[in-house]
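The points below are grouped by topic.

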Amino acid sequence: MARETLLFHLSDIHFGLEDNKALDWVQQEIAERRPQAVAITGDLTMRARQREFAAACRWIQSLEVPVTVEIGNHDMPYFNLIERFFAPYRRFRAIEELVEREIELPGLAIVPLKTAVRAQPRLNWSKGWVSRSALRKCLAALDALPPGTSALVAVHHPLREVGTRGTALTVNGLRALTELARRRVLGVLSGHVHDPFDILEQTPAGPVRMIGAGTLSQRLRSTPPSFNEIRWDGESLKVRVRSLDEVPTRDMQIDDVPEDALPPREPGEPVAAVNQVPRTDPPVH
């Protein structure tokens, strides 16, 4: 029997408005459990300020396990447009070797796909966009994996197109999902929504499992701070949502990806009741 692989999937830490109690807990879990890898699917910071990046990089460097970091829309410079257009990833330099890093484990790989871009031909730049070059890079990495290696793809924005092209959550998301379905990826790990989910998205090439992690910040939507614990035994991928409050996974996961993925409340307002809508677990892949 193949050795079980343990992964931690974190997202939307938002240093500058982070939840330090949750971060201390996750740091301790990583130190004690020693996952084979940690995937952080974007939004390390709140406003991409230098001090926020410094704190985020220090925390990530303390983890002492293999880490891959995706770029979120909140990690693009907000107040310096020159830097945003000409050096948008300069503030990642302390952990630049971890950014969009492919991690290969025995029988399993984590492959990045960038969804945050410098500018878009629509007013809301916080939403996702899969460029042709980013998709080509991801697909080339998937196609180059050793035979028999399964893959998870790490993104920031869920690869979901909602509404018209102009208001889509992620432009070219369906195209990307279709190509990933053709390669039979185990799932797409994402953030951005601030609530965890685990759903099957249909594409012309078949279904793709979309797995979202919650937030580790004070910017809550409808569930407490959390992260995903993912296990792969060579046959099935199991996802457990971990929260300090020990809320069951089924009650933590939302049933669909909302079109408006921005947290509706400011910090200090009460957290809404945890989602209690009955749901059906996705088929095991």
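**Sheet and helix packing**

Strand β12 (residues 226-232) pairs with β13 in the antiparallel sense over 7 bridges; two strands pair if DSSP finds at least two bridges between them. R231 stands opposite K238 in β13. Helices (H or I, at least four residues) and strands (E, at least two) are DSSP runs, numbered from the N terminus. This is a predicted model, in which local features need pLDDT of at least 70, side-chain atom pairs count only at pLDDT 80 or more, and totals for chains, interfaces and linings use all residues. Residues are numbered from 1 along each chain as its sequence is written, and side-chain values use heavy atoms, with hydrogens and water left out.

**The sheet**

- Five strands, in the order β3-β2-β1-β12-β13, form an open sheet with mixed pairing.
- Its edge strands, β3 (67-69) and β13 (237-243), each pair on one side only.
- On average, neighbouring strands of this sheet are turned by 20° against each other, direction ignored.
- Helix α1 (residues 20-33) packs on the sheet and touches β1 (5-10), β2 (37-40), β12 and β13 (contact means heavy atoms within 4.5 Å).
- The direction of α1 makes about 165° with that of β1 (axes are lines fitted to C-alpha atoms, for helices over the stretch in contact, and angles run from 0 to 180 degrees between N-to-C directions).

**The α4-α5 pair**

- Helix α4 (residues 132-143) packs with helix α5 (residues 173-182) at an angle of about 10°, and their axes are 11 Å apart.
- α4 and α5 are therefore roughly parallel to each other (angles under 35 degrees).
- R132, L135, C138, L139 and L142 in α4 meet R175, A176, E179 and L180 in α5.

How values were computed. Parallel < 35°, antiparallel > 145°, perpendicular 65-115°, else oblique.
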